[in-house]
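Please keep the sequence and the model in view while reading.

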Amino acid sequence: MPPSRACSSPPLRRRMACWLYEGLLLFGVVFVAGYLFGTLTQTRNALNNRHELQFFVFVVIGIYFGWFWSKGQTLAMKTWHIRVVDRQGRPLSQGRALLRYLLCWVWFLPPLAAMAPFPLRAGEVTVLTVGWVLVWALLSRFRADRQFWHDIWAGTRLIDVRPAADGARP
């Protein structure tokens, strides 16, 4: 018997569209965090306090995701009708949301680590990063539950929460 839609994973295309939309929304979060950091530290040159700014933005993004994931959805997830829950279908605790945030960095850390020792141009960095993201996303297709590996490791799941359409065909 096929799993009910309430317990099923959203299609990969929808999850990746949500991922891209989340990136657009994060632009605003990062912009405000960078502006706040620059104002509070009176940083006049982008190269000054660079590592402190990176850490600050990392923490701000962690707070953003931790807060919204513990509520079930970010704005992008609401738009694409996706919810994050634990293995039992309950909302995430703050600790589990933080663990998921840290494990989500697997989307970016492997290509960043691979390119660190080499002087690559922007196009090469883009190809390497996009290639890894595609490979990582496609790996979910090999699992019966279609979940991303970082969700498996964090004990979380993405579920489809599309509203039932009136008069929908079975």
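The model is a predicted one, in which local features need pLDDT of at least 70 and side-chain atom pairs count only at pLDDT 80 or more, while totals for chains, interfaces and linings use all residues. Residues are numbered from 1 along each chain as its sequence is written, and side-chain values use heavy atoms, with hydrogens and water left out.

**Overall fold**

The protein has seven helices and two strands, where helices (H or I, at least four residues) and strands (E, at least two) are DSSP runs numbered from the N terminus. Their order from the N terminus is α-α-α-β-α-α-α-α-β. Along the principal axes, the C-alpha atoms occupy a box of roughly 60 × 35 × 30 Å. Of the 170 residues, 32% are buried; buried means under 20% relative accessible area, exposed means over 50%, and partly exposed lies in between, with a 1.4 Å probe and protein chains only. Contact means heavy atoms within 4.5 Å. Among contacts between residues at least 6 apart in sequence, 69% join residues at least 24 apart.

**The two strands**

Strand S1 covers residues 82-86, and four of its five residues are buried. Strand S2 (residues 156-160) pairs with S1 in the antiparallel sense over five bridges; two strands pair if DSSP finds at least two bridges between them. In this pairing, aspartate 86 stands opposite threonine 156 in S2.

Threonine 156 is buried, at 2% relative accessibility.

| Side chain | Partner side chain | Distance |
|---|---|---|
| Threonine 156 | Arginine 100 | 3.5 Å |
| Threonine 156 | Aspartate 151 | 2.6 Å |

**A loop residue**

Serine 93 belongs to the loop between S1 and H4 and is partly exposed, with a relative accessible area of 42%. A polar atom of the serine 93 side chain lies 3.1 Å from the backbone nitrogen of arginine 96. Serine 93 and leucine 47 are 46 residues apart along the chain, and their C-alpha atoms are separated by 37 Å.

**The largest pocket**

On a 1 Å grid over the protein atoms alone, a pocket is an open set of points where a 1.4 Å probe fits, with protein on both sides within 12 Å along at least five of seven lines; lining residues have an atom within 4 Å of a point. The largest pocket has 27 lining residues, of which Trp19, Leu26, Phe65, Trp105 and Phe108 lie nearest its centre. Helices H1 (12-41), H2 (50-71) and H4 (94-104) are the elements that give two or more residues to this lining. H1 gives the most, with nine residues.

**The cysteines**

A search of the whole structure finds zero disulfides, a disulfide being a pair of cysteine sulfur atoms within 2.5 Å. Cysteine 18 is buried, with a relative accessible area of 7%, and cysteine 104 is buried at 14%.

Conventions: A polar contact is a pair of N or O atoms within 3.5 Å; within protein, one must be able to donate a hydrogen and the other to accept it, and residues adjacent in sequence count only if both atoms are side-chain atoms.
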